[in-house]
Each structure stands twice: as C-alpha cells, then as structure tokens.
Amino acid sequence: MAQKATIYKVELTVSDMDRHYYETHKLTVAKHPSETDERLMVRLLAFALNANEHLEMTRGLSTDDEPDIWQKSLSDELELWVALGLPSEKVVRQSCGKAGQVIVYCYGGRTAEMWWDKIENSTTRFDNLRVVNLSEKDTGDLGKLASRSMKLQVNIQDSDVMVSVDDSIVYVTPVRWK
C-alpha cells in the first residue's frame, strides 16, 4: 500500500527588508513520503525568499512537469518557476523555456558543487535562470526545525536570512552561483 503525504500546518511570517515585503502566509504543506525534513524546510525557505501574494506550492515531487513552487500571472502565464535540489540539464532547459524567471535552489554540499560543474556551461544562454546554493550545514540545521505545526519567522536583510521557530534560530547565507 502506498504511503500518504504528511500534512504540515505552517504559519510563515516573512520580513524581507531587501524587497520591502512583510506578510504572514498560512500554508498547508503536504510532505511527500520520500521527502526529508531538510527538503521540506528548503521548500519553505525558497517560498519565503520569493514570497508574493500569487506564489503557490505545487504538487512538487509527485509530478515531473511542475516545479516545487510557482507564480502565475492573472492570465495564467508562468512568471516564476522555483526548483529545489539538482535538476537535470534537460529540466533546467525546459523550465527556462516555460517561465519568465527560473530559480534553482541547490543544496547537498559537494554533490551540489559537482552538479553545477557539470551543467554550468550549458546554462550560459539562459538569461532568466538564477542558481542559488545553500550550504549543507545550513540546510541540515533547517531540517532540525521541522515540526507538523510551525510558526516560522523568516527575516531577510542584505541577502542574509534568519529563520526562527520558537526559540531556535538558524542563519542561512544563500550563495548565488548564476
């Protein structure tokens, strides 16, 4: 019998001083059975970094033709495609053709560096692609914050990120590779 997704209730408060965006989002997030707490928290961080009233979580891992997060215009055009992990060169190319802007949040330490070394040259033609690396330590620490019901506070200033849940705080420094 197939395992079912685990539901997480998240109250995500974003204070983004860089973009002057201050809002609280009440999210119901389905965690795929194969998804780790670390990936779930990276997904929530990516949502916070791009927070917008039209930003949405998608079916993510359960579908191949959708990103983890997207933003569509009122006329249903894909404005933003957010992917997590280490997508193949083909997926990066296809998503750059479908959306106005594509952001890949990669993580995994040395594995992410090897992935980027492999596909970096093939991405130079995509002006709408941004690749951001999250350190293995940062994402590991984020994973430890995960719980089924969270009040998550994300503060962003000068591209530095502070994520807090209750009394626990994790500082994340995203590094832009492209």
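**View 1. The charged end of K72 sits over the ring of W70.** A charge sits over a ring here if NZ of Lys or CZ of Arg is within 6 Å of the ring centre and within 35 degrees of the ring normal. This is a predicted model, in which local features need pLDDT of at least 70, side-chain atom pairs count only at pLDDT 80 or more, and totals for chains, interfaces and linings use all residues. Residues are numbered from 1 along each chain as its sequence is written, and side-chain values use heavy atoms, with hydrogens and water left out.

**View 2. R19 has its charged end over the ring of Y21.** Here the charged end of R19 is 5.3 Å from the centre of the Y21 ring.

**View 3. W115 and W116 form a tilted pair.** Rings of Phe, Tyr and Trp (its six-membered ring) pair if their centres lie within 6.5 Å; planes under 30 degrees apart count as stacked, over 60 as edge-to-face and the rest as tilted. By this rule there are 2 aromatic pairs. The rings of W115 and W116 have centres 5.9 Å apart and planes at 40°, so this pair is tilted.

**View 4. W116 and W177 form a stacked pair.** W116 is buried too, at 6% relative accessibility. Its ring and that of W177 have their centres 6.1 Å apart and their planes at 25°, so the pair is stacked. This pair links distant parts of the chain, 61 residues apart: W116 belongs to helix α3 (residues 110-119), and W177 to the segment after β11 (175-176). Helices (H or I, at least four residues) and strands (E, at least two) are DSSP runs, numbered from the N terminus. W177 has 25% relative accessibility and so counts as partly exposed. Together, W115, W116 and W177 make up one aromatic cluster.

View 5. Stepping back, 47% of the 178 residues count as buried. The C-alpha atoms fill a box of roughly 45 × 45 × 35 Å along the principal axes. Residues 24 or more positions apart account for 53% of the contacts with a separation of 6 or more, where contact means heavy atoms within 4.5 Å.

Definitions and conventions: Buried means under 20% relative accessible area, exposed over 50%, partly exposed in between (1.4 Å probe, protein chains only).
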